[in-house]
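Me: I would like to learn how to read the strands, turns and surface of a model like this one. Please take the features one at a time.

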Amino acid sequence: MAEAEEAWADLVATARRTAAAGLVVGTSGNVSVRVGDRILITPSGVPYDRLTPADTVAVDLDGRQVAGTLKPTSELPLHLAVYRTTGAAAVVHTHALHATAVSTLVEELPPVHYMTAILGGPVRVAPYALYGTDELAENMLHALRDRTGCLLQNHGAVTYGDALDQAYDRTAQLEWMCRLWLTAHSVPGRAPSLLAPEQLRAAAEQLSGYGQKG
């Protein structure tokens with residue numbers, strides 16, 4: 001119980017970070033975290049600043065609600081698809097402005113920065129499907145193959161990680177790279193330089209040892 005309470009507090013804090021950073025508007029977007037065989041997830045249509053410990057929502061991997069009275073986010077199929085097919089411990093879905101803009105323009109975010117490596121390579125765009133549907137979840141899984149993040153056409157972005165902080169950092173980096181590409185791409189008569197696969201592999205290796213250990 002204590003572990004779930006702590007995880008819910010961290011989930012709410014992460015959800016509020018997405019709003020504070022402008023990655024979501026209103027009640028759009030959603031966040032989830034895995035605790036054992038349960039998935040804690042934000043409820044549908046409730047502003048993040050109103051969430052309390054009493055609002056905890058949890059489902060099992062089959063989508064059956066096992067805790068809470070509030071309805072889970074409509075994007076529950078999307079989150080469950082990630083947990084069923086990857087080793088994800090947390091998932092962040094946003095409607096970030098620049099990520100959504102890029103999703104309407106290309107089938108893949110060009111590798112304009114070495115931080116592309118933290119997502120496993122150039123970020124694919126999943127074909128459009130109605131939100132909350134199994135079709136959207138399936139399209140997302142194809143785009144996530146060998147990646148830890150993708151864009152959803154005319155919709156937003158999804159990232160996952162080994163912890164909430166990592167999943168959030170990845171979505172924030174993805175939004176920044178989308179903004180970078182849009183900015184560079186908007187210069188008349190110029191095209192952004194792109195990184196080659198070997199350059200991304202070198203960056204991935206370098207980044208694997210980044211930061212403090214232990």
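Me: In which sense do strand 7 and strand 8 pair, and over how many bridges?

Reply: First the conventions: this is a predicted model, where local features need pLDDT of at least 70, side-chain atom pairs count only at pLDDT 80 or more, and totals for chains, interfaces and linings use all residues. Residues are numbered from 1 along each chain as its sequence is written, and side-chain values use heavy atoms, with hydrogens and water left out. Strands of a sheet pair through backbone hydrogen bonds, either parallel or antiparallel. Strands (E, at least two residues) and helices (H or I, at least four) are DSSP runs numbered from the N terminus, and two strands pair if DSSP finds at least two bridges between them. Here strand 7 (residues 123-126) and strand 8 pair in the parallel sense over two bridges. Val125 is the residue opposite Leu151 in strand 8. Between the two strands the chain passes through helix 4 (residues 134-144), and this β-α-β crossover is right-handed. That term applies if, with the strands pointing away from the viewer, the path from the first strand over the helix to the second runs clockwise.

Me: Which way do the residues of strand 8 point, and are they buried or exposed?

Reply: In a regular strand the side chains alternate between the two faces of the sheet. In strand 8 (residues 149-152), Gly149 and Leu151 point one way, Cys150 and Leu152 the other way, and all are buried. Buried means under 20% relative accessible area, exposed over 50%, and partly exposed in between (1.4 Å probe, protein chains only).

Me: What is the sense of the pairing between strand 8 and strand 9?

Reply: Strand 9 (residues 156-161) pairs with strand 8 in the antiparallel sense, over four bridges. Thr159 of strand 9 is the bridge partner of Gly149. The hairpin of these strands has three residues between them, and Asn154 there takes a positive phi near 55°. Asn154 is a residue other than glycine, and counts as partly exposed at 48% relative accessibility.

Me: Where does Asp146 lie, and what is its phi?

Reply: Asp146 is in the loop between helix 4 and strand 8. Its phi is positive, about 60°, although Asp146 is not a glycine. Asp146 is exposed, with a relative accessible area of 63%.

Me: How many strands form the sheet, and in what order?

Reply: Nine strands form an open sheet with mixed pairing, in the order 4-3-2-1-5-9-8-7-6. Strand 4 (65-67) and strand 6 (108-109) are at the edges with a single partner strand each, so one side of each has no neighbour in the sheet. Gln65 belongs to strand 4 and is partly exposed, with a relative accessible area of 35%. The C-alpha atoms of Gln65 and Tyr160 are separated by 22 Å, and the two residues are 95 apart along the chain.

Me: How many residues of helix 2 are buried?

Reply: Seven of the ten residues of helix 2 (residues 76-85) are buried, and the helix is mostly covered. Among them are Leu76, Leu78, His79 and Tyr83.

Me: What does the record say about residues 9-182?

Reply: An unreviewed UniProt entry annotates residues 9-182 as "domain: Class II aldolase/adducin N-terminal". UniProt positions are given in the numbering used here, feature names are shortened, and annotations may be inferred rather than shown by experiment. Over residues 9-182 the chain is 34% helix and 21% strand, with the end C-alpha atoms 35 Å apart.
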